[in-house]
Amino acid sequence: MKITFLGTGTSHGVPMIACDCPTCRSTDAHDKRLRPSIYVQPTEDTGILVDAGPDLRQQALTHDIRRVDAILFTHGHADHILGLDETRRFTGPSGGAMPCYGDETTLNDIKGMFRYVFDPATPKGGGLPQLELIPVAGNITVNGYAVTPLSLLHGERPILGYRFGSFAYLTDCNAIPDVTWPLLHNLDVVVLDALRDRAHPTHFSLSEAIEAARRIAAKRTFFTHMCHDLPHADTNARLPETMQLAYDGLVLDI
Ligand SMILES: [Zn+2]
Ligand SMILES: [Zn+2]
Ligand SMILES: [Zn+2]
């Protein structure tokens, strides 16, 4: 299985518009963070996107993504769904709709944000994405490959993480409910939200993420959804040995 990190930044991205801080002005390519998303290839002929943020076009061009068999949404915040219109390029050659999985709240967020896509009165011919919204109920199967949804808390809002074999992706969370812990055993790699050092009401701080990572005890931990408070090199230098910040373009073979 191959995993490509398409974006590892918080909703603003890094650099942030109109910011002159050292991270935003850094010349280290690892400090350039697009909005959060990963591309998972469980086999050579299956490609799964987790989230479709506002940088999707750029991410797909950079990484030459040509195939998306399904999109798994974690939740409906703008930094995770605003690239949905770009999926027109991935609609199947036979015109089949793109399977989009999410919880009910997320699918409603998508319908609200992309009203023109779902409104029968929208004139045809302008190139609408064809989307099949599928509520998550138990395991998801994409081309025969099973993905396990994971309940997470993003502040008071329940959202989803996803487990692919021995890899789990838990972005945008500040708590892991009891029901999810047993689903996090025996992981080679876990990815966890770690926004910044200071506490935040809906995201793990770095120290909270480290604590969760210790309890999950995967062989390796990568953090994502970082804001400009966490420069790549300096932050990695103070992390425990098996933990690192992810970065845009990081590829894992698991
Ligand atoms: Zn987010
Ligand atoms: Zn900054
Ligand atoms: Zn969010």
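Histidine 228 is buried in this predicted model, with a relative accessible area of 18%, a value that counts as buried because the cut-off is under 20%. Cysteine 24 belongs to the loop between β1 (2-7) and β2 (37-43), while histidine 228 belongs to the loop between β12 (220-224) and α6 (232-237), so the pair ties together parts that are 204 residues apart in sequence.

A further zinc ion (ligand 1) is coordinated at 2.1 to 2.3 Å by Asp79 (OD), His80 (NE2), Asp172 (OD) and His225 (NE2). Here the four donor atoms subtend angles of 92 to 165°, which makes the arrangement irregular. Histidine 80 in helix α2 and histidine 225 in the loop between β12 and α6 form a pair that links distant parts of the chain, 145 residues apart. The zinc ion (ligand 1) lies 3.5 Å from the zinc ion (ligand 3), and aspartate 172 coordinates both.

| Residue | Relative accessible area |
|---|---|
| Cysteine 24 | 6% |
| Histidine 80 | 0% |
| Histidine 225 | 1% |
| Phenylalanine 164 | 0% |
| Phenylalanine 167 | 0% |

Which residues of helix α3 (residues 104-113) are buried? They are Thr106, Leu107 and Ile110, and because they cover an arc of only 100° around the axis, they lie on the same side of α3. On the face of α3 turned away from this buried side are the exposed residues Glu104 and Gly112. The buried residues of α3, for their part, pack against α2 (78-81), β5 (98-102), α4 (115-118) and β6 (131-135).

Aromatic rings also deserve a look. A search of the whole structure finds three aromatic pairs, and one that is tilted is formed by phenylalanine 164 and phenylalanine 167, with 6.2 Å centre to centre and 45° between the planes. Both partners are buried, phenylalanine 164 with a relative accessible area of 0% and phenylalanine 167 likewise at 0%. Elsewhere, the ring of tryptophan 181 has the charged end of arginine 215 sitting over it, 3.7 Å from the ring centre.

Methods
Residues are numbered from 1 along each chain as its sequence is written. Chains are lettered from A and ligands numbered from 1 in the order in which they are written. This is a predicted model: local features need pLDDT of at least 70, side-chain atom pairs count only at pLDDT 80 or more; totals for chains, interfaces and linings use all residues. Side-chain values use heavy atoms; hydrogens and water are left out. Helices (H or I, at least four residues) and strands (E, at least two) are DSSP runs, numbered from the N terminus. Buried means under 20% relative accessible area, exposed over 50%, partly exposed in between (1.4 Å probe, protein chains only). The arc is that of the directions from the helix axis to the C-beta atoms. Contact means heavy atoms within 4.5 Å. Rings of Phe, Tyr and Trp (its six-membered ring) pair if their centres lie within 6.5 Å; planes under 30 degrees apart count as stacked, over 60 as edge-to-face and the rest as tilted. A charge sits over a ring if NZ of Lys or CZ of Arg is within 6 Å of the ring centre and within 35 degrees of the ring normal. Donors are N, O and S atoms within 2.8 Å of the metal (3.2 Å for Na, K and Ca); water is not among the atoms, so sites may look incomplete. Four donors count as tetrahedral if all angles lie between 85 and 135 degrees; four count as square planar and six as octahedral if opposite donors are over 155 degrees apart and all others between 65 and 115; anything else is irregular.
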